[in-house]
Amino acid sequence: DADIAMYRAKTLDGAHTMLFDQAMHTQVFKRHSMESELLRAFENRELKVYDQPIISAQCGRITGVEALLRWPQADGSMVSPDEFIPLAEETGLINDIGLWVMREACQQMQVWHTNLSQYDDLYVSINLSGKQLVQANLFELIETVLQGISYKPKHLRLEITESMVLGDLAATQALLHQCRALGCPLLVDDFGTGYSSLSYLHQLPVDAIKLDRSFITEITENTRAAVIVRALALLATDLGMYTVVEGIESAEQAQICGAQGIRYAQGYHFARPMPLDQAVDKLKT
Ligand code: C2E
Ligand code: CA
Ligand code: CA
């Protein structure tokens, strides 16, 4: 109990005294049971990879999908990845889960390339965790997954967030250069939310930026948000990169983003993340 209180005190800034209480016990207990539930769910293959279509903002065609993890529960609800990915990162399970997502996403993509001839250039974008980036053999794992399914590297896009890079910049740079040399495009996700977004654009071998949803939420009421989106799209173009926006929920937001020179768009307005069979149906229509 003292240990739990001490860890809680350490999460706060500065010197603190923390008195243990029952709520802390309940929270720790809940966390532990969720951790073991997650491990069990992963081993029992209960986790799912959903796909959310990514649209060309200029012509409206589906050009790719983002693979998003889902943890379905017995009662039909889903635990959000925002909730269980930090747990998986803490326990180290994220490396296995991340590799499985990559394999699964590539296999799904191969199904589409073979069965839907009009989509033989569709790509899949996967989210990498910071923990995966510091894993010693990430590059070899990516290479192996790609070899295993004779899949073109340009069809596997890797999304990283700037907070992941904060650790060892030199090591991350080296790894990302390797992935880029292999042919996998790199995207900076949630762009504009961190402290040093711009500095990454010249320090990392980035192909695209994915503007954070917060810019889009504001874009119809707040003209400043539209100006920022246009400026970032221009900056990206001048640097030889392209821009993706996420979180488009209305036709008006889509129209404004298209007019600001955004290349790709994603959001509930076009399609929600969905299981493979539904995504295939969506692509066929
Ligand atoms: P993200 O990479 O920023 O993914 C976009 C999130 O926005 C997804 O939430 C998606 O469902 C949601 N979204 C898409 N369109 C809209 C929209 O129009 N409106 C709103 N309000 N939301 C929209 P999701 O699926 O809950 O994932 C949350 C986060 O969990 C992701 O954020 C990503 O950081 C992480 N994540 C998901 N799958 C994986 C994975 O396989 N590996 C890792 N490391 N992280 C993952
Ligand atoms: Ca993402
Ligand atoms: Ca994002």
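Residues are numbered from 1 along each chain as its sequence is written, with chains lettered from A and ligands numbered from 1 in the order in which they are written. In this predicted model local features need pLDDT of at least 70, side-chain atom pairs count only at pLDDT 80 or more, and totals for chains, interfaces and linings use all residues, while side-chain values use heavy atoms, leaving out hydrogens and water.

Reader: Which residues coordinate the calcium ion (ligand 2)?

Author: Donors here are N, O and S atoms within 2.8 Å of the metal (3.2 Å for Na, K and Ca), and water is not among the atoms, so sites may look incomplete. Along the chain the donor residues follow the spacing E-x60-N-x31-E-x29-D. At 2.1 to 2.3 Å, the coordinating residues are Glu66 (OE), Asn127 (OD1), Glu159 (OE) and Asp189 (OD).

Reader: How many residues separate Glu159 and Asp189?

Author: Asp189 and Glu159 both coordinate the calcium ion (ligand 2). Strands (E, at least two residues) and helices (H or I, at least four) are DSSP runs, numbered from the N terminus. Glu159 belongs to strand E5 (residues 156-161) and Asp189 to strand E6 (residues 186-191), so this pair links distant parts of the chain. They are 30 residues apart.

Reader: Are Glu159 and Asp189 buried or exposed?

Author: Buried means under 20% relative accessible area, exposed means over 50%, and partly exposed is in between (1.4 Å probe, protein chains only). By that scale, both Glu159 and Asp189 are buried.

Reader: Where is Glu246, a partner of Asp190 in a pair that links distant parts of the chain?

Author: Asp190 sits in strand E6, 56 residues from Glu246. Glu246 counts as buried because its relative accessibility is 14%. Its place is the loop between strand E8 (242-245) and helix H12 (251-259).

Reader: What is the phi of Asp190?

Author: Asp190 is found in strand E6. This residue counts as partly exposed because its relative accessibility is 26%. Although Asp190 is not a glycine, its phi is positive, at about 50°.

Reader: Which element gives the most residues to the shell around ligand 1?

Author: A residue is near a molecule or strand if one of its heavy atoms lies within 4 Å of it. Of the 22 residues around ligand 1, Gln52, Arg70, Asp189, Glu249 and Tyr268 come nearest. Strand E2 (62-72), helix H3 (81-91) and E6 each supply at least two residues of the shell. The element that gives the most, with 4 residues, is E2.

Reader: How much of the exposed area of ligand 1 does the protein bury?

Author: Polar contacts are pairs of N or O atoms within 3.5 Å; within protein, one must be able to donate a hydrogen and the other to accept it, and residues adjacent in sequence count only if both atoms are side-chain atoms. A side-chain N or O atom of Arg70 is 2.8 Å from an oxygen atom of ligand 1, and a backbone N or O atom of Leu69 lies 3.1 Å from a nitrogen atom of ligand 1. Accessible areas come from the Shrake-Rupley method with a 1.4 Å probe; for residues, only the protein chains shown count as cover. Taken alone ligand 1 exposes 800 Å², and the part buried by the protein is 85%.

Reader: Is Arg45 buried or exposed?

Author: Arg45 lies in the loop between helix H2 (22-43) and strand E1 (48-56). Its phi is near 55°, a positive value in a residue other than glycine. Because its relative accessibility is 65%, Arg45 counts as exposed.

Reader: How far apart in space are Val280 and Trp112?

Author: Val280 is in helix H13 (residues 276-284). Val280 counts as buried because its relative accessible area is 16%. In sequence Val280 and Trp112 are 168 residues apart, whereas C-alpha to C-alpha the distance is 7.5 Å.
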